[in-house]
Amino acid sequence: MSDPFKIERLTSRPQFLAAAKGVSEARGAVVVQRLDRQDGAHTVRLGFTATRKVGNAVIRNRAKRRLREAARAMAPLLAVPGSDYVFIARMGTADRPWDRLLDDVKSALTRLATPRPAPKTAPMTPANAGQDS
């Protein structure tokens, strides 16, 4: 069985910064950002990152390895062709049970694949509402 799209890696900082301008979804131990490139290509590009807040280099690398493996399992099923995805490790990524990490990645990818309605603006309230004059 062949994949309907090719999966590549994000490699440069501008690619990661561009993906940050898209929509994001936080689930448990992972944040996933998605940018629709709108270039007509059926390629999905994946990037992985972990900030120093996650832990030392050993823990950050373990977290990124686990995210790469989770994305390898879920991206062919749930990713939208023509999109860039950045998987950001959070504090518990390295220690999270594997099935829960897979659920986090699956639910984030599923949520990012469904189109969202435009956000509704909050009704305007007068500046002095609730204040005694």
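Here is a short chat about ring pairs and salt bridges in a predicted model. Residues count from 1 along each chain as its sequence is written, and side-chain values use heavy atoms, leaving out hydrogens and water. Local features need pLDDT of at least 70 and side-chain atom pairs 80 or more, while totals for chains, interfaces and linings use all residues.

Me: Is the pair of phenylalanine 48 and phenylalanine 87 stacked or edge-to-face?
Reply: Rings of Phe, Tyr and Trp (its six-membered ring) pair if their centres lie within 6.5 Å; planes under 30 degrees apart are stacked, over 60 edge-to-face, the rest tilted. Here the centres are 5.3 Å apart and the planes sit at 20°, so the pair is stacked.

Me: How many residues apart in sequence are the parts that this pair ties together?
Reply: Strands are DSSP runs of E, at least two residues, and helices runs of H or I, at least four, numbered from the N terminus. Phenylalanine 48 lies in strand β4 and phenylalanine 87 in strand β5, so the parts tied together are apart by 39 residues.

Me: Is aspartate 84 buried or exposed?
Reply: Buried means under 20% relative accessible area, exposed over 50%, partly exposed in between (1.4 Å probe, protein chains only). Aspartate 84 has 2%, so this residue is buried.

Me: Which residue does aspartate 84 meet in a salt bridge at 2.7 Å?
Reply: A salt bridge takes a side-chain nitrogen of Lys or Arg within 4 Å of a carboxyl oxygen of Asp or Glu. At 2.7 Å, N to O, the partner of aspartate 84 is arginine 45.
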